[in-house]
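The questions below are meant to be worked through slowly.

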Amino acid sequence: MTHSSQEEIISRHSLLWLLIVNIAVLAPLYDKLTPWSLGICGICLVWRFGIFIGKVAKPPRYLVTALAIASAITLALVTSEIGLLNGLINLLILGYALKYIEMRNRRDVRTVVLVGYFLIAITFIDQQSIFYAVNLTFVTGINTCVLVSLYREDVKLKETARIGFKLLLQSLPLAALLFLVLPRLPPLWMVPQQKSTQTGLSDEVSFGDITELTRSAALAFRAEFSMSPPSNQQLYWRALVMEDYDGSRWTQNSSIKDIEDNTPFTTSRRQQPEGSPIQYSVIAEPSNQHWLFGLDAAFSSDIGIINLPDYRLYSARTVDQKFQYHVDSYPQYAMDKTLDPTVRLLNLRLPDDINPRTFELAQSFKKDLPDPTTRLRAMMRYFTEQPYFYTLTPPRVGPQQIDDFLFENKAGFCVHYASAFTFMARASGLPARLVTGYQGGEFNQSAGYLSIYQYMAHAWTEVWIENRGWVRYDPTAMIAPERVLEGFDAYFQAQESYLLDSPFSPLRLREFPLLNELRLTLASIDYYWSVWVLGFDSSKQEQILQKLLGEVTQQKIAIFMLVSITFIGLVIAYSAGLIHFHRDKDRVASTYLHMCHLLEKKGVIRDKQQGPTDFCSIVEDAFPGIATDFRRFTHYYVALKYQPLSSHRRKKTVKLFSNQFRKLRLKILKGKTS
Amino acid sequence: MKRNGTKESRFTLWWAQWLNRRLPPAARVTLAHKSIFILPTGFGLFWIFLVLILFVFGTNYQNNLVIGLSILLLSLFNTCIIYSYRNLAGLTLNACASPQAYAGETLVFPVKLTSSQPQFEVLVNYPDNQIKVIKTIGEEPTVTLVPFDNLIRGRVSPGRLKIESRYPLGLCRAWSHVNLDNPHIVFAKPLVSHSQLKSIDADNQNITGDRGMHIPGVDEFKGLKQHIPGESLRQVAWKQLAQGRGMLSKEFQQPQGEPHWLIIEDLSSPDLEKQLSELTWAIDKMSGRGQVFGLVISRKKIPPAEGDVHRIHCLQELALLPQFVGGDS
């Protein structure tokens, strides 16, 4: 049959669309491509372009097959380097690019389009900002246009685009509705994860580490409190607890690490504390790490979160996309009222023969002040009494790091102060540990949430005190109290290294009030996007449905869906031209009757059975003054009523008819009938 | 042709009857919800499969945007159902008169298509026949010639015309089977022969004479032809010239000899089909030469005449003769 041969041919119009869609789909995936995948994609594109302008022939099939096999083998070899998921993505991209040059018939085009949609979905794994969502919706539209172009071969690009995007836009309302109503399920099985660079805090800390972060204006996470948020000096977001110290770096203890590493087999280990909690939800930005953020003794009952014994929260999966969780924090709760002897020993341990001067200082504190609380207070005071100052660019230190810092340089930032304080506490016989996390947060007034940026990274100390458990001490607050009271920004506006790596960060707009407002508005929009779209889950779903329908029942949802789908279907059908309202015809008839009514007042009565032409001759005899006009009026009426007119002609005639009506009415009302 | 007794044919029969009740034969048909069927295509099923895969993918990665994309594609499918319907709804098909055709040739059935709203890429065909693609149908009527392979003579009904569309995305196939009630009389297949021709009065006369022929003459007005300079001015059609139809000449002719008779006597002869074919050939041949001839079929007699109307009349009479029913079938 000739139809099948017709099926084979891809029109030039479709080829042009394919060129466009290829670039549109692959461009957002640029960061996933290995250099040589990029190379092959480039070659395929150039080849396609050559075919399009008629300079090159189609590549022979064996060449494409050979290329495909070679690509697959190479990918298999580098997969261990780039990770399984990235390997699979690259394979798919290469398949897409290669299929693209050997396309022969419409079926191939359809395959390419389906794979295109899949690649768009893959882009969403990493890119979830509003910008990308809008951009990729646009790409989805282009991909749809390719299909349209198969059925409209002879029209301009613009026409195909119009149809494709019209279809997409008309599908959006139903999609939004289904997004709202369709059940959200937990992950069905474990999936391979991206191998990506980790951002944010690291699980070991040494002098100089956190400065890296203070240069970054990237968002770390956001928090929304159900009540008003605590004051800035309460906002110590705990992320990591470091108990091992080797003289230069602080690391997590292996017992905690074991728990963290075996999360698939552990469940929440601790009980929810009693008391009235501070409730808030956190939306963590992708960090490709596991640790989460919470204030004081934090507890979360969300799925996928481990409540670690040191009162921290830990995610079972790496946070590779925005992750929202709910937390209850208990600031009054004493963490570890009784301390396990091994833990106690662990938190007193110090390497031998290190920082002797600091050790000596701590011993003297111990001797003078036997009460731990007063001793700790005195140690804190020590930092204000001596001329210490805060800087993000501290001078270098030798092997006796803490000695050099405390007695020589007397300048440093949070890590320096916190390590020195922890060291002193341990040396004076009090169990102490270093905690890292974030301090503070920028409050967005309009949307009511806190933004915590990477440069708010902080380190402080927790000391165990009889009956009180682990108590937080932040020696940095003694040096630079503004940093803690008013936030990092208030203190560091003038510091040169602050945001050094982000010269174009919108955070720099803070100096200009109007622009700052704009920045905060954009941040609010992004926040709502994160909460209501990216973080839309079954609890949010319930919340919205409850607002819409009152008490949610299966029947109500079914009726709601039925009504909405019918309505949307009718609107689409109407815009597609399937439903007509014959208003036009009725208007013509009523106008004619109106005219008859006017003439009736003047004394000419139309018999119900009288046709318009017969009536016309009677009117002509009675009112010679309007004879010509009335004949024309009747002529239009007859045409509209009895002649099959094209829609264009019809429109024109309706216009003429109503103009004529107006003219006649004026004449009749003015009495120019005879 | 059809196998009887099997389940399949029983279903086919039931289906045909059902269609006849739902869509009775008519020369003019406008497609509406009663006559349009819609089902997903293979590609449409793949599409749904992709939607499912994306949904699972989005669920496993807890990625709302992927879930959103999958739902958007599902919604797009839904929109396409409406558009598929739209692309056939309101389509009016009008059967037109078919050109003459002989058995063994591909017949063409002209169908006039109009629609109040533009419709695209509509495929029409008769079952097992070549598909015609109509790119655009609008308010201006489009006439398409739908081919139909045919071997038999007589009154041939092409059956139900299939109208199909996959516009806009190829996800759904909307189609209809329309019987335009346009049977066509197909002439017997012509077969070259000189021996079978008989005349009513002289048995052994050959047709290769001047019998029944016209020669140019003065007795009968034959028609008008383009005037050739140099011809007698007496033959110029002055009336037509005055009407502005140009310079034409009147042609006259006169019949020569007796008209020729073509005869078929025995309708139950086993080689009836062959005879019909040969007669068909002979009628065309004689008509082409402008000979006057008559036709005798058993007891029926078509008086001698000439011209195309006469030829078609004779050929139709032959075409409509009942098929030979032998004892062996």
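What follows is a set of questions and answers about this structure, which is a predicted model.

Q: Which domains does the domain assignment give for chain B, and how many residues does domain 2 of chain B bring to the contact?
A: The assignment divides chain B into domain 1, covering 23–186, and domain 2, made of 189–201 + 236–324. The centres of these two domains of chain B, taken over C-alpha atoms, are separated by 43 Å. In the contact, domain 1 of chain B takes part with 8 residues, and domain 2 of chain B with 18 residues.

Q: What percentage of the residues of chain B count as buried?
A: Chain B is built with 6 helices and 16 strands. Among its contacts between residues at least 6 apart in sequence, 68% join residues at least 24 apart. Of the 329 residues of chain B, the share that counts as buried is 47%.

Q: Where does UniProt place the feature "transmembrane region" in chain B, and what percentage of residues 65–85 of chain B is helix?
A: The UniProt record, an unreviewed entry, places this feature at residues 36–59 and 65–85 of chain B. Over residues 36–59 of chain B, the model has 75% helix and 17% strand, with the end C-alpha atoms 37 Å apart.

Q: How far apart are the end C-alpha atoms over residues 557–579 of chain A?
A: For chain A, the unreviewed UniProt entry lists "transmembrane region" at several stretches, including residues 131–151 and 557–579. Residues 131–151 of chain A are 100% helix in the model, and their end C-alpha atoms are 31 Å apart. Residues 557–579 of chain A are 83% helix and 0% strand, and the distance between their end C-alpha atoms is 28 Å.

Q: What distance separates the centres of domain 2 and domain 4 of chain A?
A: The domain assignment of chain A gives domain 1 (12–167), domain 2 (213–511), domain 3 (538–576) and domain 4 (587–670). Taken over C-alpha atoms, the centres of domain 2 and domain 4 of chain A are separated by 89 Å.

Q: Which residue is the bridge partner of A:Ser206 in strand 5 of chain A?
A: In chain A, an open sheet of 3 strands has the order 1-5-4 with antiparallel pairing, and its edge strands are strand 1 (204–206) and strand 4 (244–245). Strand 1 of chain A is joined by 3 bridges to strand 5 of chain A, residues 249–251. Within strand 5 of chain A, the partner of A:Ser206 is A:Arg249.

Q: At what angle does helix 15 of chain A run to strand 5 of chain A?
A: Helix 15 of chain A comprises residues 414–427 and lies across strand 1, strand 4 and strand 5 of chain A. Its angle to strand 5 of chain A is about 75°.

Q: Why does A:Ala427 count as buried?
A: A:Ala427 is found in helix 15 of chain A. Leaving aside neighbours within four places in sequence, A:Ala427 is in contact with A:Leu350, A:Phe359, A:Ala362 and A:Gln363. Buried means under 20% relative accessible area, and A:Ala427 counts as buried because its relative accessibility is 6%.

Notes
Residues are numbered from 1 along each chain as its sequence is written. Chains are lettered from A and ligands numbered from 1 in the order in which they are written. This is a predicted model: local features need pLDDT of at least 70, side-chain atom pairs count only at pLDDT 80 or more; totals for chains, interfaces and linings use all residues. Side-chain values use heavy atoms; hydrogens and water are left out. Two strands pair if DSSP finds at least two bridges between them. Helices (H or I, at least four residues) and strands (E, at least two) are DSSP runs, numbered from the N terminus. Contact means heavy atoms within 4.5 Å. Axes are lines fitted to C-alpha atoms, for helices over the stretch in contact, and angles run from 0 to 180 degrees between N-to-C directions. UniProt positions are given in the numbering used here, feature names are shortened, and annotations may be inferred rather than shown by experiment. Domain bounds come from an automatic or database domain assignment. Buried means under 20% relative accessible area, exposed over 50%, partly exposed in between (1.4 Å probe, protein chains only).
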